[in-house]
Amino acid sequence: MTDTNSSATFSNTDALMRLAEVLESRKPANGGDPETSYVARLLHKGPDAFLKKVGEEATEVVLAAKAVHHGAPASKLVYEVADLWFHSMVALAHYGLSPQDVVTELVRREGLSGLEEKAMRKVKNREADER
C-alpha cells in the first residue's frame with residue numbers, strides 16, 4: 001500500500017533523515033567505535049564490507065519477492081527491503097550523501113517515462129564516451 005498522505009510522507013522522510021544522522025554519528029571520524037557499533041565496524045572496514053552487504057541484501061530482496069509471489073507474507077519483502085535501504089544508507093553516508101539526495105533524484109525523475117529516462121541516460125553516456 002502506498003500512503004499518499006503528505007504528513008505521513010514527511011514523517012517517513014524525517015525517519016530516514018534521523019537514521020542518516022545516526023549513521024553519520026557512527027563514522028569512525030565522528031567517534032563511532034567499531035567495537036560497539038555495527039555501522040562503525042562496517043564503515044571502518046571500508047567500502048568492500050558495506051558494498052558486499054548491499055549486494056547480499058539486494059539478493060535477499062529478490063528472493064523475498066519471489067517467495068511473496070508464491071504465497072509468503074508481503075512483510076517478508078518489506079523486511080528485506082528495509083535491510084537493503086539501511087545498508088544503502090550506510091553507503092550514502094560513507095560517500096557524504098543523504099536520503100535527501102536520493103529523494104531529490106526521484107523528484108527529478110517524477111513525470112518522466114522510464115523509457116525516456118533510460119534513453120536520455122544512453123545519450124549522455126554516449127556523449128561522455130566521445131569526449
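Contact here means heavy atoms within 4.5 Å. Helices (H or I, at least four residues) and strands (E, at least two) are DSSP runs, numbered from the N terminus. The structure is a predicted model in which local features need pLDDT of at least 70 and side-chain atom pairs count only at pLDDT 80 or more, while totals for chains, interfaces and linings use all residues. Residues are numbered from 1 along each chain as its sequence is written, and side-chain values use heavy atoms, with hydrogens and water left out.

**View 1. The contact of helix 2 with helix 3.** From helix 2, Y38, L42, L43 and K45 meet P47, A49, F50 and K53 of helix 3. The residues of this contact comprise 6 nonpolar, no polar and 2 charged; Ala, Val, Leu, Ile, Met, Phe, Trp, Tyr, Cys and Pro count as nonpolar, Asp, Glu, Lys and Arg as charged, and the others, Gly among them, as polar. The two helix axes come within 5 Å and cross at roughly 120°, which makes helix 2 oblique to helix 3. Axes are lines fitted to C-alpha atoms, for helices over the stretch in contact, and angles run from 0 to 180 degrees between N-to-C directions. Angles under 35 degrees count as roughly parallel, over 145 as roughly antiparallel, 65 to 115 as roughly perpendicular and the rest as oblique.

**View 2. The aromatic pair of F50 and Y95.** Rings of Phe, Tyr and Trp (its six-membered ring) pair if their centres lie within 6.5 Å; planes under 30 degrees apart count as stacked, over 60 as edge-to-face and the rest as tilted. By this rule there is 1 aromatic pair. F50 and Y95 form this edge-to-face pair, at 6.2 Å centre to centre and with 75° between the planes. Because F50 belongs to helix 3 (residues 47–69) and Y95 to the loop between helix 4 (74–94) and helix 5 (99–109), the pair ties together parts that are 45 residues apart in sequence. F50 is buried at 0% relative accessibility, whereas Y95 is partly exposed at 47%. Buried means under 20% relative accessible area, exposed over 50%, and partly exposed in between (1.4 Å probe, protein chains only).

**View 3. K27 and A29 in the loop between helix 1 and helix 2.** The loop that holds K27 runs between helix 1 (6–25) and helix 2 (38–45). K27 is buried, with a relative accessible area of 17%. Leaving aside its neighbours within four places in sequence, K27 is in contact with G32, L43, A93 and H94. A29 is exposed, at a relative accessible area of 76%.

**View 4. F86 and L84 in helix 4.** F86 is partly exposed, with a relative accessible area of 23%. Not counting residues up to four places away in sequence, F86 touches L19, L23, Y38 and V39. With the same exclusion, L84 touches V54, E57, A58 and V61. C-alpha to C-alpha, F86 is 37 Å from R131, and L84 is 16 Å from T13.

**View 5. Confidence along the model.** pLDDT is the predictor's confidence in each residue, from 0 to 100. The protein averages a pLDDT of 89, and 91% of the residues score at least 70. Among the elements of the protein, helix 3 has the highest mean pLDDT (98) and helix 1 the lowest (79). Over residues 1–6 pLDDT stays under 50, and the model has 2 contacts beyond four places in sequence for them.
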